[in-house]
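Dear colleague,

Please find the structure below, handed over for your study.

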Amino acid sequence: MKHIVSLTVCLLTLLAVNAQTCRNFVLPRFNYNEEAMAAVPEDKINYWCAYAHAAFYESDTVPSEAYLFNISQVANKTTGEHLPADLVVDVESLNYFVYNFEQFQLQYPRGNQVLCFSTPNSAHPYLVLRSIEQMLEIAGQSL
């Protein structure tokens, strides 16, 4: 039931995001190269936007199937700077493409591993990173 509610919230959030915001959100996936991104069809940009927005949700508990990490293990892919251990998460602005979340996921090659990050100063103490499989499913359903 929690997954259905999370999926619904995610889909409603995606509807509220305009095209320009999606382009800005997806730009880090292209290493901030606007020319490279301009060559990609708009529907692909929208797909990657949906994919990134599907990445996270917050939780009061660690999902039973999840592996737990500290949020301070996550680093900005461009600067290498790690997120602070006392980060207050905002899942609406946290950008999957800016940080090395995919690197964590690729440790589990089947793509179906849920990961969790401790965020004790946030409204909910855990940031859950959906599996690649779940992100693909949500992104596909949202378009």
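Are C22 and C49 buried or exposed? Both C22 and C49 are buried, where buried means under 20% relative accessible area, exposed over 50% and partly exposed in between, with a 1.4 Å probe and protein chains only.

Please note that this is a predicted model, in which local features need pLDDT of at least 70 and side-chain atom pairs count only at pLDDT 80 or more, while totals for chains, interfaces and linings use all residues. Residues are numbered from 1 along each chain as its sequence is written, and side-chain values use heavy atoms, with hydrogens and water left out.

The disulfide

A disulfide is a pair of cysteine sulfur atoms within 2.5 Å, and by this rule the count is one. The sulfur atoms of C22 and C49 are 2.2 Å apart, and the link is left-handed, with -75° about the S-S bond. Because C22 lies in helix α2 (residues 19–26) and C49 in helix α4 (residues 42–53), the pair ties together parts that are 27 residues apart in sequence. Helices (H or I, at least four residues) and strands (E, at least two) are DSSP runs numbered from the N terminus. Another cysteine, C116, is buried, with a relative accessible area of 0%.

The aromatic rings

Rings of Phe, Tyr and Trp (its six-membered ring) pair if their centres lie within 6.5 Å; planes under 30 degrees apart count as stacked, over 60 as edge-to-face and the rest as tilted. A search of the whole structure gives 14 aromatic pairs. In one of them, the ring centres of Y47 and W48 are 5.4 Å apart and the planes stand at 75°, so this pair is edge-to-face. Y99 and F101 also form an edge-to-face pair, at 6.3 Å centre to centre and 75° between the planes. Y99 is buried at a relative accessible area of 18%, and F101 is buried at 0%. Ring pairs link residues into a cluster, among them Y47, W48, Y99 and F101.

A charge sits over a ring if NZ of Lys or CZ of Arg is within 6 Å of the ring centre and within 35 degrees of the ring normal. R29 lies over the face of W48, 3.6 Å from the ring centre, and its charged end sits over the ring of F30, 5.6 Å from the centre.

A loop residue

T79 is found in the loop between β2 (67–70) and α5 (101–105). T79 is exposed, with a relative accessible area of 54%.

Yours sincerely
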